[in-house]
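Reader: Please take me through this structure by question and answer, and keep it brief.

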Amino acid sequence: MTATECAVCHAGRITAEGYCGSCGRKVPSGRDHLELDLGALAGVTDKGLRHARNEDAMALATAESAGGPAVLAVVCDGVSSSRRPDEASLAAVQAAARALLAGVRAGEDLAETSQAAVAAAQRALADLDEPGPGDAPSATFVSAVMTTEEVTLCWLGDSRAYWLGSGTGAGAKRLTHDDSLAGEMVAAGLVSEAAAMALPGAHVVTGWVGADSPGGPPHVATFTPPGPGVLLLCSDGLWNYQPEAAGLAGLALPGALTHALVTFALEAGGADNVTVVLAPFPPRAPKSGEKSASPATT
């Protein structure tokens, strides 16, 4: 999805960082800013203001399950210190979304399906690996399958899921915990989250998908929404600037506004890639003309 020719000098030598090898100009990438709207859920991913490329990726899909309409989403954030992090995140969301969609359609257990999706992402990144300097291609991972009854979440790393409630701040809560040095310190009761995030290395992840993954099982959790509301999946490019669920709800609601959240992150500094997916609960069946078959990915 990256340009193979410079639009200015038409040279075909584009560096891995996205610059023309002849004239040195930045070559726009098809992934710099992408939007997906399936009607029942929507997402936006943006490279931010300081990165040369977008190493985030997302996949969205809708389906009919035995119990009615269902929606699913995957967000991955390529680990910048690894090789080919932009390709890693895209390969992971594509593989995971296919596995989730197949499981939902077959009526399989959603917790088991979610773990199978992580395994599919792991295999995709193992296939992407090749000898070279740096760590093997890797990415953080968070997925959600929402039915008319509950939400099944699965994650590794520090991409997050939030419940935003049905009104500004109403019932808003964070649904995942981070696999990171900061997250481990908070879980151990050593420091507050605010203090942990201010420490050097706070964002070093301790869980991810990739050939050199630590090997522990992914986290799986179910959440039963108390009523109408909106599920949010996001990368740390958003929550770095607003980690509190109530604050995010105030930005996104009413209306499930993905653009409002991305614009907020960019105006707050845009130091990282940012990805936002919003899925209103309860999910609705796709309307005529809305995409519902193969997962839409960026």
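**Cavity, sheet and helices**

Author: In this predicted model, β4 supplies three residues to the lining of the largest cavity, the largest share of that lining.

Reader: What is the volume of the largest cavity?

Author: A search of the whole structure finds one cavity of 30 Å³ or more. The lining residues of the largest cavity are L41, V71, L72, A73, A144, L231, L233, V277 and A279. β4 (68-78), β11 and β12 are the elements that give two or more residues to this lining. The volume of the largest cavity is about 40 Å³.

Reader: Which strands are the edge strands of the open sheet?

Author: The open sheet consists of six antiparallel strands in the order β1-β2-β12-β11-β7-β8. Each edge strand pairs on one side only, and these strands are β1 (33-37) and β8 (173-174).

Reader: At about what angle does helix α6 run to β7?

Author: Helix α6 covers residues 245-252. α6 lies across β7 (160-163), β8, β11 (229-234) and β12 (274-281). Its angle to β7 is about 75°.

Reader: Within what arc do the buried residues of α6 fall?

Author: The buried residues in α6 include A245, L248, A249 and A252. What covers them includes β7, β8, β11, α5, α7 and β12. Seen down the axis of α6, the buried residues line one face of the helix, because they fall within an arc of 105°.

Reader: What angle does the direction of helix α7 make with that of β12?

Author: Helix α7 (residues 258-267) packs on the sheet. α7 touches β1, β2, β11 and β12. The direction of α7 makes an angle with that of β12 of about 155°.

Reader: Why do the buried residues of α7 line one face of the helix?

Author: T258, L261, V262 and A265 are buried in α7. The view down the axis of α7 shows why these residues line one face: they fall within an arc of 95°.

Reader: Which elements do the buried residues of α7 pack against?

Author: Two of the helices are among these elements, namely α5 (236-239) and α6. The strands packed against the buried residues of α7 are β2, β11 and β12.

Reader: Which residue just after α7 takes a positive phi?

Author: α7 spans residues 258-267. Just after α7, a positive phi of about 150° is found at G269.

Conventions. Residues are numbered from 1 along each chain as its sequence is written. This is a predicted model: local features need pLDDT of at least 70, side-chain atom pairs count only at pLDDT 80 or more; totals for chains, interfaces and linings use all residues. Side-chain values use heavy atoms; hydrogens and water are left out. Two strands pair if DSSP finds at least two bridges between them. Helices (H or I, at least four residues) and strands (E, at least two) are DSSP runs, numbered from the N terminus. Contact means heavy atoms within 4.5 Å. Axes are lines fitted to C-alpha atoms, for helices over the stretch in contact, and angles run from 0 to 180 degrees between N-to-C directions. Buried means under 20% relative accessible area, exposed over 50%, partly exposed in between (1.4 Å probe, protein chains only). The arc is that of the directions from the helix axis to the C-beta atoms. On a 1 Å grid over the protein atoms alone, a cavity is a set of points where a 1.4 Å probe fits but cannot get out, and a pocket is an open set with protein on both sides within 12 Å along at least five of seven lines; lining residues have an atom within 4 Å of a point. Grid points are joined across faces, edges and corners, and a volume is the space filled by probe spheres set on the points.
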